[in-house]
Amino acid sequence: MLNQLVKDINNILWGDYQVLIYMLLAAGVWFTVKLGFIQLRHFKHMFSVMKGSTKSDKAGISSFQALCTSLSARVGTGNLAGVAVAISLGGSGAIFWMWVIAILGMATGFAESVLGQLYKVKDTNGEYRGGPAYYIQQGLNKRWLAIIFSLFLFLGYGFIFSAVQANTITDALNHAYDIPTLYSGLVIILLAGLIVIGGLRAIAKFAEWVVPFMALSYVLITVIITVLNANLVPAMLWDIISSAFGLQEAGAGAIGAAFKHGVQRGLYSNEAGSGSVPHAAASATPNPNHPVSQGYVQMLGVFIDTMILCTCTAVVILLAGGSNSDQMEGIRLTQDAMGSHLGSGGADFVAAAISLFAFTSVVANYAYGESNLHMFKLDNKIGRACYTTGYLLMILWGSMAALPEVWAAADMALGLMTVINIIALAWMTPTIVSISKDYFDKRQAGKNITYQTGDCDIQGQSETGIWDNKE
């Protein structure tokens, strides 16, 4: 009965009605237009904001740590297993639509991260916390909607998504080395527990070191593979474009499959619009001292995740001759593709990569859930202990569950979160545009870019007056 309920909800969000796909595309187009094509016009500035991004204060983590934390949550199964799923079900054309949703999603990611930073609060430990539940409660004065979002976030990022990541790690290790999934799951629990017990700062420090290393290593291997197969690249690119627009024999049916699975897996990977990344954005000490600066940082995160890392996986699979399959294929398709390029070492590399990629997601997911404990007045020892126990048990379950079951539950949780967040973002468009214009005008005039409460019209106000005394 539970499986049927999940299936019915996913059918509305992702299946026959594709409600969420249209909402995401509409949100991406809406904020792209309302913000003046910011992801294109301010592309260079997006990188320049990272200068001095290692600075922080006692209440927050640095902008670079926030970027790495958000990437550690984004960069996981969606980049390796998710891309493989998109290709196996939607063909190579799914990659084109994954790119489209990423470009549009950069504007959506900017918008939600600006709000996350603007409406952040301090918890009982004096640390910054924020996210959609916070800006829904403070900006829209809709606590009931904030509570519903928080519950979906706990279901998704607090529990199910970590199960998805654990499932991919254990499957990859079982495929490469025949390690029993239970044993791998127990090791994941032990390592994750040692890190998350230190809270957000420990998670951010872990991400700051691991994420750049694993991302650069993955890109380097892909570049080498691409150079070695340079003669196949033009045909691969044509295959992506032609499949995306149904220029091959399969026709309109192929367009629909490519579109659906490209958008769906693109969202799952870059998380733009889902309401997850604002939690990392809110935890940061902005540089410059303006909420919009974190919008640029997290917009960069969408670009890195999908346009770079997901593309790397697609290139590896397609250059190995990856094609449609009648069944969902996850990490094993990526392992087999890498093996065809690197020989016996290919499966080893992917097993190591997915273990790092997915494990960082497991750890970052905990931080997102923990950020919402404050909403329920549970940011205390008992609340954290209960949350941590449930989180670790779900990792164990995920390590041994069947792939379709886990992905279906993850899609449902992500979809329900996203519906609420997109509605809230659309509702708060005037605030997003107003505070963004404040930043744009100060930058264009060469003024010191800082923000104080009252600099522009916003909906509601910060619960703790964090922006009242900014220098």
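The model is predicted, so local features need pLDDT of at least 70 and side-chain atom pairs count only at pLDDT 80 or more, while totals for chains, interfaces and linings use all residues. Residues are numbered from 1 along each chain as its sequence is written, and side-chain values use heavy atoms, with hydrogens and water left out.

The cysteines themselves show the reason for the count. The closest cysteine sulfur to that of Cys68 belongs to Cys312 and lies 17 Å away, which is too far for a bond. Cys312 is likewise in no disulfide, the nearest cysteine sulfur to its own being that of Cys310, 9.2 Å away. Cys68 is buried, at a relative accessible area of 2%, and Cys312 also counts as buried, at 7%. Buried here means under 20% relative accessible area, exposed means over 50%, and partly exposed is in between, computed with a 1.4 Å probe on protein chains only.

Cys68 is one of the buried residues of α5, a helix of 12 residues (63-74). Helices are DSSP runs of H or I with at least four residues, strands are runs of E with at least two, and both are numbered from the N terminus. The end C-alpha atoms of α5 are 16 Å apart, in agreement with the 16 Å that its residues should span; the expected span is 1.5 Å times one less than the number of residues. Of the 12 residues of α5, 11 are buried, so the helix is largely enclosed by the rest of the structure. Among these buried residues are Gln65, Thr69, Ser70 and Arg74, as well as Leu67 and Leu71.

Two helix pairs come next. Two packed helices are described by the angle between their axes and the distance between the axes. The axes are lines fitted to C-alpha atoms, for helices over the stretch in contact, and the angles run from 0 to 180 degrees between N-to-C directions.

The crossing of α7 past α15 is right-handed. A crossing has this hand if the near helix is turned clockwise from the far one by less than a right angle, and is left-handed if anticlockwise. The contact of α7 with α15 is made up of 18 nonpolar, 8 polar and no charged residues. Here Ala, Val, Leu, Ile, Met, Phe, Trp, Tyr, Cys and Pro count as nonpolar, Asp, Glu, Lys and Arg as charged, and the others, Gly among them, as polar. Phe110 lies in α7 and is buried, at 0% relative accessibility. Between Phe110 and Asn174 there are 64 residues in sequence and 39 Å in space, C-alpha to C-alpha.

In another pair, the axes of α9 (residues 143-177) and α17 (residues 344-371) come within 9 Å and cross at roughly 165 degrees. These helices are therefore roughly antiparallel to each other, and α9 passes α17 in a left-handed crossing. Their contact residues divide into 18 nonpolar, 7 polar and 1 charged. The 28 residues of α17 reach 42 Å from first C-alpha to last, close to the expected 40 Å. Of those 28 residues, 21 are buried, so α17 is largely enclosed by the rest of the structure.

The loops hold some backbone exceptions. Most residues other than glycine have a negative phi, and most peptide bonds are trans. The peptide bond from Asn287 to Pro288 is cis, with omega near 5 degrees, and Pro288 lies in the loop between α14 (277-282) and α15. Asn141 has a positive phi, near 60 degrees, in the loop between α8 (132-139) and α9; Asn141 is exposed, at 66% relative accessible area. Lys377 also has a positive phi, near 55 degrees, and is placed in the loop between α17 and α18 (381-400). Lys377 is exposed, at 59%.

Finally, Leu5 is in helix α1 (residues 2-13) and is partly exposed, at 47%. Leu5 and Met412 are 407 residues apart in sequence, and their C-alpha atoms are 9.8 Å apart in space.

Terms used:
Parallel < 35°, antiparallel > 145°, perpendicular 65-115°, else oblique. Disulfide = S-S within 2.5 Å.
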